[in-house]
Amino acid sequence: MHELSLTQNLIEIAEEHARRENATVITSVTIEIGALSGVMPEAVEFAFEACTKDTLAEGATLEIRHIPALGRCQQCSQVCAMESLLDGCSACGSYALDILKGQEMALIELEID
Amino acid sequence: MCTDCGCAPPQPEHDHKHDHASRKIRVEENLLAKNQRLAMGNRASFAAHQLFVLNLVSSPGSGKTSILERTLTDLKGKISFTVLEGDQQTDNDAERIAATGVPVKQVNTGAGCHLDAHMVGHGVEGFDLAATDILMIENVGNLVCPASFDLGEDHKVAVLSVTEGEDKPLKYPQMFQAADLMLINKIDLLPYLRFDIEQCKAFARQVNPKIKILELSCHSGEGMSEWYDWLTQGVNQKRGSRNAERE
């Protein structure tokens with residue numbers, strides 16, 4: 001359940017940015033979570049409600065953008081979609097893939113008042 | 001070590017007034033940014049002492065502490081160790097390590113399921129790192145969460161024992177992908193188990209084609225010398241950089 005500490009980090013970063021903008025409330029939080037980030041979006045949603053209590057983000061909506069994963073094969077250079085870290089290259093079957101996308105876990109945007 | 005950590009974050013001052021219209025701001029900051037910053041600080045401080053730093057990860061009961069006990073005892077006088085023990089509760093593991101005579105500190109994470117860079121940065125305060133070759137950080141027994149948290153180590157070492165399923169690397173791919181070395185422990189029990197060790201290695205390489213794999217038993221001692229060679233090589237590389245710096 002490392003989503004709990006990640007969500008605490010998320011709110012810390014959000015509050016820091018909101019205060020810098022002299023905001024008194026955060027109404028919406030947009031984050032990106034990659035398919036290979038090891039983060040369960042449902043767990044973040046659950047933690048978000050608990051962790052925002054008594055913060056600037058209390059009651060804020062949480063928008064999660066799911067980022068699909070892409071890998072490039074080290075053998076044949078094919079770029080292919082990855083569902084998990086267990087996937088091989090769609091062209092040659094090799095498991096030596098460099099992950100190009102899908103490990104994101106980032107706070108992207110805030111709506112503040 | 002903790003110059004920019006979250007211990008006492010400075011509060012930004014605002015005495016000017018704005019109209020507070022609802023607006024959107026771009027942030028684009030990684031949720032692990034703070035941990036990564038602190039891990040970089042740890043890494044710089046470890047590098048200053050030419051420390052070889054390992055982050056031991058596994059499920060509970062794979063034998064991390066037993067491997068450490070035997071390693072510390074067998075390499076006494078050859079390599080100087082310092083150990084940081086991570087567990088949710090108790091200092092049982094630290095007591096076992098302390099019995100070998102090696103400096104050790106227990107870090108209890110309480111409800112936390114992993115060590116983070118902040119805990120490690122404070123955890124090593126008070127140790128004589130200049131007199132240490134290897135800092136061993138034994139993480140909380142958990143194959144999920146510790147994968148995401150860089151502590152400033154040189155390598156994650158994943159321990160898997162043959163009493164677990166050979167498909168652990170498939171079930172917890174994040175961890176085996178993050179590890180540079182996998183130790184398959186308790187191989188003295190292989191005759192009594194239906195554990196397909198070749199299949200286990202193939203699964204690990206499917207998740208991480210570059211992973212190095214060593215088979216050992218800290219009980220019988222089989223395979224331990226290859227592990228010690230690997231440790232010695234790591235220390236020598238650090239010592240090499242130390243000597244190069246002196247010249």
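Predicted model: local features only at pLDDT ≥ 70, side-chain atom pairs only at ≥ 80, totals over all residues.

User: Which residue of chain B forms a salt bridge with A:Glu12?

Analyst: The closest N and O atoms of the pair are 3.1 Å apart. The pair crosses between chains, from helix α1 (residues 3-20) of chain A to helix α1 of chain B; helices (H or I, at least four residues) and strands (E, at least two) are DSSP runs, numbered from the N terminus. A:Glu12 is partly exposed at 39% relative accessibility, where buried means under 20% relative accessible area, exposed over 50%, and partly exposed in between (1.4 Å probe, protein chains only). The partner, partly exposed with a relative accessible area of 25%, is B:Lys34.

User: What separates A:Arg19 and A:Glu15 along helix α1 of chain A?

Analyst: The side chains of these two residues meet in a salt bridge, at 3.6 Å from N to O. A:Arg19 is partly exposed with a relative accessible area of 34%, whereas A:Glu15 is buried at 15%. Because A:Arg19 and A:Glu15 are four residues apart in the helix, the separation is about one helical turn.

User: Which residue of chain B meets A:Glu21 in a salt bridge?

Analyst: The N to O distance of this salt bridge is 4.0 Å. The pair crosses between chains, from A:Glu21 in the loop between α1 and β1 (26-34) of chain A to a residue in strand β1 (residues 23-30) of chain B. A:Glu21 is partly exposed with a relative accessible area of 32%. Its partner, partly exposed at 23%, is B:Arg23.

User: Which residues are linked with A:Glu109 in a network of salt bridges?

Analyst: The network holds residues from chain A and chain B. Linked with A:Glu109 are B:Lys24, B:Arg26 and B:Glu28.

User: What is the volume of the largest pocket, and which residues are closest to its centre?

Analyst: On a 1 Å grid over the protein atoms alone, a cavity is a set of points where a 1.4 Å probe fits but cannot get out, and a pocket is an open set with protein on both sides within 12 Å along at least five of seven lines; lining residues have an atom within 4 Å of a point. Grid points are joined across faces, edges and corners, and a volume is the space filled by probe spheres set on the points. The volume is about 780 Å³. Of the 36 lining residues, the closest to the centre are A:Ile99, A:Gln103, B:Gln174, B:Gln177 and B:Ala178.

User: Which elements each supply at least two residues of the lining of the largest pocket?

Analyst: Both chains contribute such elements to the lining. Chain A supplies β5 (97-101), and chain B supplies α1 (33-48), β6 (155-161) and α6 (173-178).

User: Which residues make the nonpolar surface patch of about 210 Å²?

Analyst: Patches are made of residues with over 30% relative accessible area and no salt bridge, with like charges joined within 9 Å and nonpolar side chains (Val, Leu, Ile, Met, Phe, Trp, Tyr) within 5 Å. Accessible areas come from the Shrake-Rupley method with a 1.4 Å probe; for residues, only the protein chains shown count as cover. One member lies in strand β5 of chain A and is partly exposed at 40% relative accessibility. The patch is made by A:Leu70, A:Val79 and A:Leu100.

User: What is phi of B:Thr90?

Analyst: Most residues other than glycine have a negative phi. B:Thr90, in the loop between β3 and α3 (92-98) of chain B, is partly exposed with a relative accessible area of 40%. Its phi is positive, near 70 degrees.

User: How far apart in space are A:Val29 and A:Leu110?

Analyst: A:Val29 is found in strand β1 of chain A and is buried at 1% relative accessibility. A:Val29 and A:Leu110 are 81 residues apart in sequence, and their C-alpha to C-alpha distance is 4.8 Å.

Methods: Residues numbered from 1 in each chain as written. Chains lettered and ligands numbered in written order. Heavy atoms only, no water.
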